[in-house]
Amino acid sequence: LGAVVAGGILWLFYCVDDVSSTLSDVWAYFLRKLSEESQRHVLLQAAKWRVLPKDMDKDDPYLVMEPLDGLRFFTPVGLAPGLDPLGEGVPAFFDLGFGFVEVGPVVPGSHDSDTLLHHLSTRDSSQQIAHFGLLGVSIGGTKEELLDQLRRLGPHVQYLALDAGRVERAE
């Protein structure tokens, strides 16, 4: 009986930590019962606390894409901006198996912009975290604001995505 209980506990810990386990289907069922805003809040809190399951499966090497030298996508599936505008759960989203995570959109001069910069600059202060994925930021604004964001955020991310709908054109 002790071996069965111990095995059950080990299986439960495995299921909680693996994205492809049957327990993920149970979590998905309960999340679907919530409103969209509640789902987003629960997902972001879980990502912030690093309790989201991890992708334990090895990625197919044929999925690796390198459109430009030094810009390598280990998997073409990524997370678009809007879900995590402040970059609080970036490591957990990489653990889920996303090949790239884009945070933002960044509103120049806002408190959220400063908070995002703080999260990006402190997420790897030891310089010892290695992850397989690219981190990007969606930016917009005037020419001066774009240059300021490039200067401030550029050193902390692998790419910047220009939000064409939020770029102000000179008349």
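Val 107 lies in the loop between strand S4 (100-106) and helix H5 (residues 111-122), where helices (H or I, at least four residues) and strands (E, at least two) are DSSP runs numbered from the N terminus. The structure is a predicted model, in which local features need pLDDT of at least 70 and side-chain atom pairs count only at pLDDT 80 or more, while totals for chains, interfaces and linings use all residues. Residues are numbered from 1 along each chain as its sequence is written, and side-chain values use heavy atoms, with hydrogens and water left out.

**Confidence**

- The average pLDDT of the protein is 81, and 89% of the residues score at least 70; pLDDT is the predictor's confidence in each residue, from 0 to 100.

- Val 107 has 45% relative accessibility and counts as partly exposed; buried means under 20% relative accessible area, exposed over 50%, and partly exposed in between (1.4 Å probe, protein chains only).
- Leaving aside neighbours within four places in sequence, Val 107 is in contact with Ser 113 and Arg 166, contact meaning heavy atoms within 4.5 Å.
- Val 107 and Glu 145 stand 38 residues apart in sequence, with 9.3 Å between their C-alpha atoms.
- Thr 75 is found in the loop between strand S2 (71-73) and S3, and at 6% relative accessibility Thr 75 counts as buried.
- With neighbours within four places in sequence set aside, the contacts of Thr 75 are Leu 63, Gly 97, Phe 98, Gly 99 and Phe 100.

**Helix H5**

- The twelve residues of H5 should span 16 Å at 1.5 Å a residue, and the end C-alpha atoms are 17 Å apart, which agrees; the expected span is 1.5 Å times one less than the number of residues in the helix.
- Ser 113, Thr 115, Leu 116, Leu 117 and Leu 120 are buried in H5.
- The buried residues of H5 pack against strand S4 (100-106), strand S5 (134-141) and H6.

**Salt bridges**

- The count comes to five salt bridges, each defined as a side-chain nitrogen of Lys or Arg within 4 Å of a carboxyl oxygen of Asp or Glu.
- One of them joins Glu 88 to Lys 48, with the closest N and O atoms 3.7 Å apart. Glu 88 lies in the loop between strand S3 (78-79) and helix H4 (90-95), and Lys 48 in helix H3 (residues 36-48), so the pair ties together parts that are 40 residues apart in sequence. Glu 88 is partly exposed at 29% relative accessibility, and Lys 48 is partly exposed at 41%.
- Another links the side chains of Asp 95 and Arg 50 at 2.6 Å, N to O. Asp 95 lies in helix H4 and Arg 50 in the loop between H3 and strand S1 (65-68), so this pair ties together parts that are 45 residues apart in sequence. Asp 95 is partly exposed at 23% relative accessible area, and Arg 50 is partly exposed at 42% relative accessibility.
- A further salt bridge is formed by Arg 152 and Asp 114, whose closest N and O atoms are 2.8 Å apart. Because Arg 152 lies in helix H6 (residues 143-153) and Asp 114 in helix H5 (residues 111-122), the pair ties together parts that are 38 residues apart in sequence. Arg 152 is partly exposed, with a relative accessible area of 22%, and Asp 114 is partly exposed at 42% relative accessibility.
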